[in-house]
Amino acid sequence: MKKHLLLLVAFIIATSASAQFYVSASGGYSISSAGILTGTSLNDSQTTATNHYGSYGEGMTAQLRVGKMFNEMFGAELGFAYLHGADQNISSYLTNDSGSIKEFTDGSAHARAYGLTASLIYNFNDNLYGKIGMVTKLGGKTEAEFTRSTVTPLSAFGVAPIMTEGINDYHGRPPLGFTAAFGYKHDLGGNWGIFAELEYLGINVTRDYSEFAELTITTPATPALPAGAIGPNAVPAIPSMTWNLGDAPLNHPIFGTIAAPSKVTYEDSLPQPNNDPSKSLSSVAPYSSFGLNVGITYTFSKK
């Protein structure tokens, strides 16, 4: 499909010499087109779980387009788009064998993405038009901010959980998706016009790698423990300790090595068990959306 997108771009450029040329700028807002599960949150007492659905394609958009009308009915268009995505809930939790919560992550994520569209245009009449084409992502990221609490076996002694806070930037593999739009345009006179359109984007992004922008892991203070409490020997009181991104691994007397890789690559296949924390199985981030765009057009050599 990427070859088809390149062929469409080449077709638009090759036919530019003998066609009517225009440029346009627009802004709009998109909503999720398919409710994909993004996270599961817990209430304050951790007795009720709630699923959250959405798409990283939801949010404010801006587009710049260059187009050619080959005749009164048919044309082609290239567009450059920016997405300022809305926050999506990415919370999650893990339970132990007894069903108790052993780890809870409270988080949200949003997209900041640049894309390219190549579309064919059909004018139904002087005002109504339709478009169909392909879309790809040129750059950007999904930024996730989270707080994670991990319960330890020392919770029976009133010890607080291990707390992790961070910002993780996810980058994806180049995707290829489908776009379609139906719109209404109005001639303002001269070379200017305005338009409004409903646009559908069908696209998902497979994760390639992620990098932490910030990461802090804080272990709780632990009291002195008698022999037999967590091992054969008595353990003295240990103050709270903090590991930050870029620090050497923290060797905690009770909790072991505290550290995390700064970058994680996502693979389609990994050996099990996977003992390399810098690698993980890939997943797909949904970006499909329905949007409303409103903009202005300037046409050159207007008849």
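Me: What makes the residues lining the largest cavity divide into nonpolar, polar and charged?

Reply: The sorting goes by residue type: Ala, Val, Leu, Ile, Met, Phe, Trp, Tyr, Cys and Pro count as nonpolar, Asp, Glu, Lys and Arg as charged, and the others, Gly among them, as polar. The lining of the largest cavity then divides into 10 nonpolar, 10 polar and 2 charged residues. The model is predicted, so local features need pLDDT of at least 70 and side-chain atom pairs count only at pLDDT 80 or more, while totals for chains, interfaces and linings use all residues. Residues are numbered from 1 along each chain as its sequence is written, and side-chain values use heavy atoms, with hydrogens and water left out.

Me: Why is this space called a cavity, and how many residues line it?

Reply: On a 1 Å grid over the protein atoms alone, a cavity is a set of points where a 1.4 Å probe fits but cannot get out, and lining residues have an atom within 4 Å of a point. By that test 22 residues line the largest cavity, and Ala81, Leu83, Gly115, Val135 and Leu201 lie nearest its centre. Rolling a probe the size of a water molecule over the atoms shows where empty space is left.

Me: What is the volume of the largest cavity, and how many cavities does the search find?

Reply: A volume is the space filled by probe spheres set on the grid points, which are joined across faces, edges and corners. The largest cavity holds about 310 Å³, and the whole structure has 3 cavities of 30 Å³ or more.

Me: Which strands supply at least two residues of that lining?

Reply: They are β4, β5 (74-85), β8, β9, β12 (192-202) and β20 (289-299). The largest share, 4 residues, comes from β8. A strand here is a DSSP run of E, at least two residues long, numbered from the N terminus.

Me: Why is Thr61 called buried?

Reply: Buried means under 20% relative accessible area, exposed over 50%, and partly exposed in between (1.4 Å probe, protein chains only). Thr61 has 17% relative accessibility, so it counts as buried. Thr61 lies in strand β4 (residues 59-69). Beyond four places in sequence, Thr61 touches Ser26, Gly27, Gly28, Tyr29, Ser30, Tyr82, Leu83 and Asn293, where contact means heavy atoms within 4.5 Å.

Me: What makes a set of residues a nonpolar core, and which members of the largest one touch the most others?

Reply: A nonpolar core is a set of buried Ala, Val, Leu, Ile, Met, Phe, Trp, Tyr and Cys residues joined through side-chain atoms within 4.5 Å. The largest such core has 15 residues, and Tyr56, Leu83, Ala111 and Tyr287 touch the most other members. Two or more residues come from each of β8 (101-123), β9 (128-150) and β17 (263-267), with β8 giving the most, 3 residues. Apart from this core lies another, of 14 residues, among them Ile217, Leu225, Ile238 and Ile258. In soluble globular proteins, nonpolar side chains tend to be buried together.

Me: Why is the pair of Tyr56 and Tyr287 called tilted?

Reply: Rings of Phe, Tyr and Trp (its six-membered ring) pair if their centres lie within 6.5 Å; planes under 30 degrees apart count as stacked, over 60 as edge-to-face and the rest as tilted. The structure holds 13 aromatic pairs. In the pair of Tyr56 and Tyr287 the centres are 6.0 Å apart and the planes 45° apart, and the pair is tilted. Tyr56 lies in the loop between β3 (49-54) and β4 and Tyr287 in the loop between β19 (284-286) and β20, so the pair ties together parts 231 residues apart in sequence. Tyr56 is buried at 5% relative accessible area, and Tyr287 is buried at 7%.

Me: What makes Tyr298 and Phe300 an edge-to-face pair?

Reply: Their planes stand at 80°, with 4.9 Å centre to centre. Tyr298 is partly exposed at 26%, as is Phe300 at 34%. Phe21, Trp192, Tyr298 and Phe300 form one aromatic cluster.

Me: How do you know that the bond between Gln272 and Pro273 is cis?

Reply: Omega of the bond joining Gln272 and Pro273 is about 0°. Pro273 lies in the loop between β17 and β18 (279-281).

Me: What is phi of Gln46?

Reply: Phi of Gln46 is near 55°, a positive value in a residue other than glycine. Most residues other than glycine have a negative phi, and most peptide bonds are trans. Gln46 is in the loop between β2 (36-42) and β3, and at 35% relative accessibility Gln46 counts as partly exposed.

Conventions: On a 1 Å grid over the protein atoms alone, a cavity is a set of points where a 1.4 Å probe fits but cannot get out, and a pocket is an open set with protein on both sides within 12 Å along at least five of seven lines; lining residues have an atom within 4 Å of a point.
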